[in-house]
Amino acid sequence: MKGNIALLFLVLWPMIGGGISYYAGKKSRLVRDYIADFICVIELAAVLSLWGSVGSELVIPGVCGLGLKFSLDGFRFIYAVIIAFMWAVTTIFSREYLRHHRNRNRYYLYVLMTLGSIMGVFISGDLYTTFIFFEMMSLFSYVMVVQDETPDAQRAAQTYLAIAIIGGLVTLTGLILMYNYTGTLDIDVLSKISLHDRSPLYVPGFLVFVGFAAKAAIFPSHIWLPTAHTAAPAPSSALLSGLLTKSGLFGIIVLSSGTFLHDPYWGLMLLILAVITMVLGAVLAVFSVNIKRTLACSSMSQLGFILTGIAMQCFLGKNNDLAVRGTILYMVGHSLIKLVLFLCAGVVHMNTHKLNLNDIKGFGKGKKVFMFAFVMGGLGLMGAPLWNGYLGKTLIHEAIVEHIHELGHVVRGASGTLAFMTASDESLMFSICEWLFLISGGLTTAYVIKLFYALFIAEPSSDMHQKDIYISRSNAALLALSALILPLIGFLPNDIGDKIGIFGSAFMKGPEHHHAVHYFSGENLEGSIISITIGIAVYFLFIRKVLLSENKEAKGGVTYIDLWPSWLNIENLLFRPVIGLILPFIGAFFAKTVDLITAGPVTLLLSNASRIKFIRPPEDTDFGYYQDEEKQETISTLIPSSLAYGLMTFAFGLLFVIALMMM
């Protein structure tokens, strides 16, 4: 072991702390809660103490064969701080939110275990370490989804786990192939490998991408996100949306800024998926009538925006400064925004035990702290000027505009960055992407206004009981503090925003010299104004006219209508039939084939011993099935029935699969 041992502390401390809190909870619930809070606060302090250690690393050889490697650069440090801060806030908030919930010992155990594993992902120095902690994080966070154990929670957790496991297996296959071709999984080394022909890496790169894209809820593997966020407790939803999805983006960035650095064909794949994810998530959020589902679909859309920024890095090459900084600021901004908004949803559910907009109408009336927090989060999500979301959205939009401008200076009829397209055709493609970007931003504005109207303007339902004290003072202070960060970054874009973006840009191979950005110039404000204008129009011309029924006889005077067809669900139409029926059939067929191939020679070799007789011992010491000790059997009838035989044929089958992979 060599390097900065403090990096290992960031991973192990919360995992050990999870066990301590679990056993403390068997004696005292209050002690357990404070221990969990203490562990998260110490984790945050430990991360901040590493400010002077940026650039350090830790190598632990021999672990799991290839060893573990941890690194700390600017981007990793930024996200380590975000992770520790958000975990501390949500853990403290959980004390009140989970007051009447069951299985709180289990909850705190796995929440803290997830903290250690996601920290391992973000400070990993090679893809092998990333994969190990990525899979640990997926398994531990399953409990965060299934916590309430309702039928909806169990179904959502089932989908979440299935996507995570399948994605993990696909990623592992890709890593094996990538290691076989390059001889390394070190992130820094992979980014320095110069290959004239990257075509052999596209297949392993895509396989690795699939697993990370599944966690990042990129279309079509987004299906787990709306149901998981809705079913999980609100503090868990904040972490799932704000951080766990970013772990998938971390892996995608590693590939895009390393193995496929400045590769426009890789960027084209990312861009197509990004645009679909961005638009579809926004549309689903507009139609949703459940506050947490709306925020979940919103997360899907925002992840599409971020993936657009990653894609633009590939197209802009060495001139990718705006795309790099935009990606970083959008990731950071979205994490902090969703922390605030999901905690606001938690406040609603904690008091009403409901999430449907028709049941929570008017809840926010007269609640100043709650209204302040929601407005700050909503304006940040919309990308309104002077709020943090505006910075990342503006930079990514300007990156698209910059590339369109570059294509406009290419000789007419010549190829652009894509050999199979002329520069003019590629320019048209990016102009369409730009408008879809702006329209998706407009839809974001529309569903934020929809939520605001439901919570603060619509008349409350007659059966809603308004409590005088709806949140504890400590949680109100946490919520207000978290919300205050959003305009603080937005009001000081050059002093705070640019420094965050530049500090983390080396991880994404950003240039040493950075553009001076005038965030509030007319040109940069134009994109935000267009999106907000589109959003206002969508709200009044579509949501108010089609998705909202004004009925004086209805409770609260208005009714939100869910017009999304229940049958139009990709999970039920595609994924569940494939995972539940087709894949098991293929797996069983393959397993049976391998079993026959390996069992045949073994049975043939043993056939000559069929006449040998023996007496079964009185105890089942050979792990075979137990029968009367007096019964005589032949070896050929005994062996196919024993566990030993099963293990032997499994070993032969495994060797057979490995041999196929090596060909």
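**Helices, buried sites and a nonpolar patch**

His349 lies in helix α13, which covers residues 321-352; helices (H or I, at least four residues) and strands (E, at least two) are DSSP runs, numbered from the N terminus. The model is a predicted one, in which local features need pLDDT of at least 70 and side-chain atom pairs count only at pLDDT 80 or more, while totals for chains, interfaces and linings use all residues. Residues are numbered from 1 along each chain as its sequence is written, and side-chain values use heavy atoms, with hydrogens and water left out.

The side chain of His349 makes a polar contact with that of Tyr97, at 3.2 Å. A polar contact here is a pair of N or O atoms within 3.5 Å; within protein, one must be able to donate a hydrogen and the other to accept it, and residues adjacent in sequence count only if both atoms are side-chain atoms. With neighbours within four places in sequence set aside, His349 is in contact (heavy atoms within 4.5 Å) with Tyr97, Lys354 and Leu355.

Turning to the whole protein chain, its secondary structure comes to 23 helices and 7 strands. Of its 663 residues, 56% are buried; buried means under 20% relative accessible area, exposed over 50%, and partly exposed in between (1.4 Å probe, protein chains only). Among contacts between residues at least 6 apart in sequence, 79% join residues at least 24 apart.

Leaving out neighbours within four places in sequence, the contacts of Ala399 are Met312, Leu316, Leu322 and Ala323.

With a disulfide taken as a pair of cysteine sulfur atoms within 2.5 Å, the count comes to 0 disulfides.

Helix α21 (residues 570-606) gives the largest share of a nonpolar patch, 6 residues. Phe585, in helix α21, is exposed, with a relative accessible area of 59%.
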